[in-house]
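Colleague: Before we look at anything in detail, could you take me through the reading of a few features, giving the general idea before the particular case?

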Amino acid sequence: MASMLAAQKLYPQAVVVFPGSQERNLRNFFIKSMVYLFNMTDLKDLDFDSVRQLILVDTRQRGRIGRMADILANDDLEVHIYDHHPPAENDIKGNFELNELTGANTTLLVEIIRQRNIRISPDEATIMCLGIYEDTGSFTFPSTTSRDLETAAFLVSQGANLNVIANLITREITPDQVGLLNDMFQAAIRHHIHGVEIVVTSVASHRYMPDFAFLVHKMVRMENIDAIFAIARMDNKIHIVARSRIPEVNAAQILGPFGGGGHPYAAAASVKHKTLAQTEHELVDMLYASVQPRRRAVDFMSAPAISIDHTLSCERANAMLNRYSVNALLVMAPDDGDPQLAGFITRQVIEKALHHQLADATVSEFMTTDIALVGPDADIDEIQDKIIGNKQRILPVVENEIVRGVITRTDLLNLLVRRYNRSAKANGSDTSLIVHARTRVVGKFMRERLAGHILQILREIGTTADEIGLNAYVIGGFVRDLFLYRTNEDVDIVIEGDGIAFARRYARKVGARVHTHAKFGTAVVIFTNGFKVDVASARMEYYKFPAALPTIEMSSLKLDLYRRDFSINTLCIHLNPGKFGTLIDFFSAQKDLKEKTIRVLHNLSFVEDPTRAFRAIRFEQRFGFTIGKLTANLIQNAIRMDFFKRLSGKRVFTELRQILAEENPGPAVARLQDYDLLRVIHPSIELTPAMVALFSSTKRVVAWYDLLFLEESYMKWSVYFMGMIRSCDRETTRDICRRFELPPRVQALFTKGRFAAERRLNSLERKLPSDNSRLYHELAEFRIELILYMMAAAKSEKVRKAISHYCVHLRFIRPFLKGRDLKAMGLPPGPRYRLILDELLNARLNGRVESREDETALARQLIDTA
């Protein structure tokens, strides 16, 4: 606005048109007191066709002048541009252009006013000086030049009122803005990109919040941030404000692809038709592409290196290449008993060997032994020289004769593209493993949220791992629930290295027992109080065919996380001393937790393991999340391609049981119906109004029973499962049980037991027993799961109350007297023992006896009567 006022002094016959300022204080100042200074017209009153001269100030981007861009099509239009922003693609071309890099655009125009000796009033000087203060951050932005200071001094000499400027610059912050600023702090993620720390924060507001740029500036000063990119969704539009105080981060260049503009040190952009998450993801990719990398080999090598023994046949080596989707393998050979790097072999060589019928020949016959190496601290230039200069497809990273990782030509190409082609956008495919871990320290949060004994265990785990040179992480659902404020003491530890060796050492240290599973590289540490810690070696999984069980191999942390089902389960926290409490997020899990989204990590997730579809629904309903659109489409694709038919019944049952064990499984079962997954259980099962009503009734019954606190274990899921298969006949039920490979005891519950319970329920609904003893004997043969099932399925409230009366009051009643008491009374052992004890039980149930004495008297009477 200051630039427009200055331009009006240079073009007094022109009219001022502006769409309105987003800076509330400046707008109020202008509207209330300075409207008389502008020869202003409304956009709607402007005759676009008659415009012959257009003066643009502080911009030359078509997208930033709104409807005024239509004027550019006018014949014989003369365009004058005054802009201090760096040149950019798609700049409007002017007949006259003044483009110089000053801190404030107003400076360019005032210098001309000064040269022409054009008189300006104190009010005009105040507005122009205010523009310089705003654009230079009160002369604190790195873009400030001496020309800005000289121009401000001139405007003060012309009567600019510094008191007015101070009042406007010193802004009051409203409660809403305080809330938004707090959200910005809470959402801030610090990215370490090529040695530069950059803060990215994303917030959302249901309405437009003025002065967002001011809040960003406030955050920069409060946190002493070198580079920040703040993203806000307001009024269905995404706003990005960037501030940089370092030359490595060019704010204008980074926001250019988003339609933004500005300076290397301050820029802004508005984005339409994209989500907040999508914008942040693209921005982070742009940061990695734009910030000048200063990276070492250890920073981007792939680890651990995939290698083979020198005695492996070419045929088996080819299988390894295909299994890992790589084009070269390191070859190792023993040296004094330890495997040492002997060379490498490429896919091209292997394929030629196979073509020549040399499948059984060993790779040592054809491997390349003249191999270049680099150390972990090698820079990009050394890496580039060795890969390109030696025409080497794979470059080992070696330290102390130990292979720490490898860098491939593809790795180098990716890095060079990001380094030199700054405008290129990164591939956003789900299947890409080129991801960047977000880290932040959450040690204080852990101390606030975790019980003291859990925190102590985590610290001891980190210390033990550090002692043997390993990295330890707590991972998965424990970390997820920590940030969802849900209690979860199922501690899962991942070790980068030998998890079993770690578990044994840790168990000895804390006096615990350990159970190991060498095939999977896992162990369970069991403390003396029964508390358990699950330990796993970082591993990767590959699937030989869709829906197969995974084959397990050792891996790095990132690959271990990549094998997991959903992004929200990939968070991990480093436990080693010095890094304790560092949260690591490779796959934007924090964002998905914040947006309450269930998202798979790659597009073949449900092809490899279709049971993940059941898990997605379970997590969606447990946490109140939503399955992401892409993930939902992938589930539907897996169903349409019928990958579920290869699943074993046992795996389906495992997932179904976990769904039915949830606090309220009804909505999850409804979602199974939505995705047509109930037919995976059995084609005859579908969600009917009767099943919905039965599930609702079961939920009330189970909740009632749990509140009794009877300390009696039972299979809650089985009560819901009987409701699910209620419409299935005996033969169908047997088929389901056989497919699920249920133990005989459980099969009997669902077949013989359920049908007997349903017959008994029908009998009770026809006629209730007249006294407690008859009710007791009607129900005593049934397990508690069947009792609860009958309660839930009962149509009559009287029957439901009768069953609950049995469950609470009658079920545990027993006679005071035992067989030995009858023997002491002189009754010879025989069938009469059972008859008399049954009669004593009936008398207690019906209230005819209340004490041991009463029973004794009744027993003597029964003995004497006989």
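Colleague: How many residues does the largest nonpolar core have, and which residues have the most contacts inside it?

Modeller: Please keep in mind that this is a predicted model. As a general idea, nonpolar side chains in soluble globular proteins tend to be buried together. Here the largest nonpolar core has 123 residues, and those with the most contacts inside it are L458, I493, V533, L677, F721, M724 and F750. Its largest share, nine residues, is supplied by helix α33, which covers residues 784-793.

Colleague: With which residues is L677 in contact, leaving aside its neighbours within four places in sequence?

Modeller: With those neighbours left aside, L677 is in contact with A613, F614, I617, I639, F644 and L672. Because its relative accessibility is 40%, D676 counts as partly exposed.

Colleague: Where is D76 found, and is D76 buried or exposed?

Modeller: D76 is found in the loop between β1 (53-57) and β2 (78-83), and at 70% relative accessibility it counts as exposed. Its phi, too, is positive, near 60°, in a residue other than glycine.

Colleague: Why is helix α29 described as largely enclosed by the rest of the structure?

Modeller: The reasoning rests on counting buried residues, those under 20% relative accessible area. In α29, residues 716-724, eight of the nine residues are buried, so the helix is largely enclosed by the rest of the structure. The buried ones are W717, S718, V719, Y720, F721, M722, G723 and M724, and both F721 and M724 are listed among the residues with the most contacts inside the largest nonpolar core.

Colleague: At what angle do α32 and α34 pack?

Modeller: Helix α32 (residues 772-779) and helix α34 (residues 797-810) pack at about 90°, their axes being 10 Å apart, which means that α32 is roughly perpendicular to α34. N772, L775, Y776 and L779 of α32 make the contact with A802, I803, H805, Y806 and L810 of α34; by class, seven of these residues are nonpolar, two are polar and none is charged.

Colleague: What does the side chain of S244 reach?

Modeller: S244, in strand β7 (residues 237-244), counts as buried because its relative accessibility is 2%. Its side chain reaches the backbone oxygen of V249 at 2.8 Å, while the backbone oxygen of I246 lies 3.0 Å from a polar atom of that side chain.

Key: Residues numbered from 1 in each chain as written. Predicted model: local features only at pLDDT ≥ 70, side-chain atom pairs only at ≥ 80, totals over all residues. Heavy atoms only, no water. Buried < 20%, exposed > 50% of the residue type's maximum accessible area, 1.4 Å probe, protein only. Helix = DSSP H or I, 4+ residues; strand = E, 2+ residues; numbered from the N terminus. Axes fitted to C-alpha atoms, helices over the stretch in contact; angles between N-to-C directions. Parallel < 35°, antiparallel > 145°, perpendicular 65-115°, else oblique. Contact = heavy atoms within 4.5 Å. Nonpolar A, V, L, I, M, F, W, Y, C, P; charged D, E, K, R; others polar. Core = buried A, V, L, I, M, F, W, Y, C linked by side-chain atoms within 4.5 Å. Polar contact = N/O pair within 3.5 Å; in protein donor to acceptor, adjacent residues only side chain to side chain.
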